Amino acid sequence: MSVSDNRAMFEARRSRGVRTVVASTAVIFAGLAVIGALAVVYAIAGFTVVAVVAIFALRDNGDIQRLIQPVTVAQRSGDPLRAVVAGLPDPVIALDSEGRVLALNEHARALAPALRQGEPVSLALRMPELIEAIGRALAQGEEQRVQFSERGTLDRWFQTIIMPVRRDPALSKPDLVLMTFHDLTPLRRVEEMRADFVANASHELRTPLAALSGFIETLQGSARDDAKARERFLAIMREQARRMARLIDDLLSLSRIELNAHRRPDTPVDLVPIVRQVVDSLETLARDRGVAVNVEAANALTVLGDHDELVRIFENLVENALKYGAPGKRVDIKLGTGISAENEPEAQVSVRDYGPGIAPEHLPRLTERFYRVDVKESRAQGGTGLGLALIKHILNRHRGRLTIESAPGAGASFTIHLPTVATALN
C-alpha cells in the first residue's frame, strides 16, 4: 500500500472518530440536562466547547502533513532501493536478474567510474571472477565471496560479497543481487609489514648468532690453545653480542612505544637541556670522529613529552650525524620555534651534518624498519636499522613529525617538529 493510500485511510478514520466524539458528547450533555444534573445553559456551553475543538482538530491537519511529508518526498524522489543503497557506508551495487545496474552509491561510483544505471555491470567491472560469481549467485541462490586486487601506483585489495535476494517470496529465483565491496588494503598492508618485520628481524639476529656459533666452535677446536686467536675471536664475539643486545633493546623499545601510542604525554619538558645533555654524552664519540658539535639555542623550548623518549630521539639523530657525517666536519644543532602546516606554533630542532648526503630515492623510506641506505656501512657502525623508525613512532605518540632534507654531497638535515605546550593543550 502506498503512502498516499495510508494517509487517506488515516484521515477517514480520524474523521469518523471526531464525529463519534461529537455525537457522544451531545448525548451526554443532553442527558445531564434532562435529569437536572446540569443546567441547560451549561450543557449547551460545554457541548459547544467540545464541538469547536473537534471541528478545529478535523480541519487543522498541518501536524499530520508535516509528519508524512518526508516520506512523501522520499517516495516521489525515486526508487526506495536507490535511497537505501545511497545511504550505505561501503561501495554497494544493486543488479537485476540480467546483471544490469539498478542502483549504486557514490562509493561504488568512485570505485568504478564507468558504472551506469541500466547498463550491464560487466561493461564497468572487467573482472571475470566477479562476473562468474554474479552468475553463480543468481543460478544457485547462494551468497558468493570473491577477492580481487587492483594494480596501479598504489595496489588495492577488495573482497566482494554477492548476495542474491528474492523480493517476492513467490519467486523461484532471485530477482535482485546486492554487491558489497570491502576494502582489504589496510589489512593486507599490515600483514605485509608484519611479514617483512619478522623476516628482517630474523635475518638481523641470525647473522651475529651464526658468527658467535662459528667462533665458539673454533675456540673449542683448533684455536683452543692459541692465545692470540682467542683474544681476537673474543673481541669479535663481544661486538656481535652487543649488536644483538642493541637490536633486542630497539625491538623492545619499539614495542613499548607502539603499546602506548594512544597515550599522549602530558608532562612539560624543556628541549634545550635535553639536547645539551645528549651532546655532552656523545662528546667522546665526537672527539674520536673529529667532528665539532655546535648548538644554537637562545630560549627555553617547552613541549608536552616523555623525557626519556625525547632523549632517545636526539641520541639517535646526533649519533647518526656523528657516525655518517664526514669526519673532520661539523654538526650543527639549532633549536627554535616555527609555524606548523595548521598555522599553529611549534618547536623545531634541526640536526644537520655535512657528510656525503642521501640520494632522493632513499628519503621516503628512511623511517621504515630495517631500511638502510648502505647496509654494510650501517652494520660497520653498529646500526640496527631501527633508529629512525623509533623516532617516527615516538613523534607519532607526541603528535609531532620528522622532516628530512638532503642531497648527494650536501649533507643531511633532520628536523623534529613538536607542538609547543600552549598548542598541545588546545
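Colleague: How many of the 11 residues of α13 are buried?

Modeller: Keep in mind that this is a predicted model. A residue counts as buried when its relative accessible area is under 20%. By that cut-off, 9 of the 11 residues of α13 are buried, so the helix is largely enclosed by the rest of the structure. The buried ones are G387, L388, A389, L390, I391, H393, I394, L395 and R397.

Colleague: Which elements do the buried residues of α13 pack against?

Modeller: To read packing, look for heavy atoms within 4.5 Å of each other. Here the partners are the helices α8 and α11 (307–324), together with the strands β11 and β12 (412–419).

Colleague: What follows α13?

Modeller: R399 comes after the helix, and its phi is positive, near 60°. H398 also belongs to this region, in the loop between α13 (387–397) and β11.

Colleague: Is H398 buried or exposed?

Modeller: Compare its relative accessibility with the cut-off. The value is 2%, so H398 counts as buried. Its side chain reaches the backbone oxygen of I394 at 2.8 Å. Leaving aside residues up to four places away in sequence, H398 touches R264, P265, L304, G305, D306, E309, L310, L418 and P419.

Colleague: Now α8. How many residues has this helix, and what distance does it reach from its first C-alpha to its last?

Modeller: A helix can be checked by comparing its span with the span expected at 1.5 Å a residue. Helix α8 runs over residues 227–259, has 33 residues and reaches 48 Å, close to the expected 48 Å.

Colleague: Which residue caps the N-terminal end of α8?

Modeller: For a cap, look at a side chain at the end of the helix and at the backbone beside it. In this case D226 does the capping, with a side-chain oxygen 3.3 Å from the backbone nitrogen of K228.

Colleague: Which residues of α8 are buried?

Modeller: They are A229, F233, M237, Q240, R243, M244, L247, D250, L251, S253, L254 and I257.

Colleague: In which sense do β9 and β10 pair, and over how many bridges?

Modeller: Strand β9 (residues 330–339) and strand β10 (residues 345–353) are antiparallel, with 9 bridges between them. I339 stands opposite P345 in β10.

Colleague: Where is I162 found?

Modeller: I162 is in strand β4 (residues 156–165). Its relative accessible area is 0%, so I162 is buried. Sequence separation and distance in space are read separately: I162 and R136 are 26 residues apart in sequence and 9.6 Å apart in space, C-alpha to C-alpha. Among the residues that I162 touches are L130, A133, I134, V177, L178 and M179.

Colleague: How many helices and strands are in the protein?

Modeller: There are 14 helices and 12 strands. Of the 426 residues, 37% are buried. Among contacts between residues at least 6 apart in sequence, 59% join residues at least 24 apart. The accessible surface comes to about 24900 Å², and 56% of that belongs to carbon and sulfur atoms.

How values were computed
Residues are numbered from 1 along each chain as its sequence is written. This is a predicted model: local features need pLDDT of at least 70, side-chain atom pairs count only at pLDDT 80 or more; totals for chains, interfaces and linings use all residues. Side-chain values use heavy atoms; hydrogens and water are left out. Helices (H or I, at least four residues) and strands (E, at least two) are DSSP runs, numbered from the N terminus. The expected span of a helix is 1.5 Å times one less than its number of residues. Buried means under 20% relative accessible area, exposed over 50%, partly exposed in between (1.4 Å probe, protein chains only). A polar contact is a pair of N or O atoms within 3.5 Å; within protein, one must be able to donate a hydrogen and the other to accept it, and residues adjacent in sequence count only if both atoms are side-chain atoms. Accessible areas come from the Shrake-Rupley method with a 1.4 Å probe; for residues, only the protein chains shown count as cover. Two strands pair if DSSP finds at least two bridges between them.
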